[in-house]
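This briefing summarises the architecture, surface and selected residues of one protein chain. The sequence and the structure are displayed first, and the commentary follows.

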Amino acid sequence: MIRSKLIIQQIALKAGLYGAFTCAYALSYWIRFQSGLVDVQAPIRGYDYLLLFLASALAWGALCRFADLDQLWMASNPARWTYRALWVTAGTLT
């Protein structure tokens with residue numbers, strides 16, 4: 001019983017991590033190219049943006065795994081988790 005709850009929580013944590021990354025990427029695309037808030041000189045093709053998303057998701061996922069962000073014990077320490085999440089995000093962006 002406890003093991004199955006832990007597995008469900010682990011899956012929910014990973015789904016939340018990747019869901020947040022995907023939503024942030026979709027929001028950034030909308031703000032940059034669809035909202036009209038940013039003056040776009042040369043818009044990027046949707047296919048190119050999708051490839052960039054896939055490369056970023058792979059890099060971000062690997063760094064999350066390396067930093068243990070997808071582990072429940074890490075998620076129970078908000079200060080440590082936030083520090084590592086910022087490190088992973090900065091590593092993905094560079």
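Gln9 counts as partly exposed, because its relative accessibility is 44%, a value between the 20% limit for buried residues and the 50% limit for exposed ones. This residue is found in helix 1. The model under discussion is predicted, and its secondary structure comprises four helices and zero strands.

**Overall architecture**

- From the N terminus onward, the order of elements in the protein is α-α-α-α.
- The protein is more spread out than a compact globule, because its radius of gyration is 16 Å, well over the 12 Å that the globule rule gives for 94 residues.
- Taken along the principal axes, the box filled by the C-alpha atoms of the protein is roughly 55 × 25 × 20 Å.
- Among contacts in the protein with a separation of 6 or more, 56% are between residues 24 or more positions apart.

- Of the 94 residues of the protein, 21% count as buried.
- The accessible surface of the protein amounts to about 6900 Å², and carbon and sulfur atoms account for 69% of that area.

**Helix 1**

- Helix 1 covers residues 2-34, which amounts to 33 residues.
- From its first C-alpha to its last, helix 1 reaches 46 Å, close to the 48 Å expected at 1.5 Å a residue.
- The buried residues of helix 1 are Gln10, Leu13, Leu17, Phe21 and Tyr25.
- These buried residues of helix 1 pack against helix 2 (46-66), helix 3 (72-75) and helix 4 (78-93).
- Gln9 and Gln71 are 62 residues apart along the chain, and their C-alpha atoms are separated by 9.7 Å.

**Thr92 in helix 4**

- Thr92 lies in helix 4.
- Thr92 is classed as buried because its relative accessible area is 16%, which is under the 20% cut-off.
- When residues up to four places away in sequence are not counted, Thr92 touches Ser56, Ala59, Trp60 and Leu63.

Definitions and conventions. Residues are numbered from 1 along each chain as its sequence is written. This is a predicted model: local features need pLDDT of at least 70, side-chain atom pairs count only at pLDDT 80 or more; totals for chains, interfaces and linings use all residues. Side-chain values use heavy atoms; hydrogens and water are left out. Helices (H or I, at least four residues) and strands (E, at least two) are DSSP runs, numbered from the N terminus. The radius of gyration is taken over C-alpha atoms; the globule rule is 2.2 Å times the number of residues to the power 0.38. Buried means under 20% relative accessible area, exposed over 50%, partly exposed in between (1.4 Å probe, protein chains only). Contact means heavy atoms within 4.5 Å. Accessible areas come from the Shrake-Rupley method with a 1.4 Å probe; for residues, only the protein chains shown count as cover. The expected span of a helix is 1.5 Å times one less than its number of residues.
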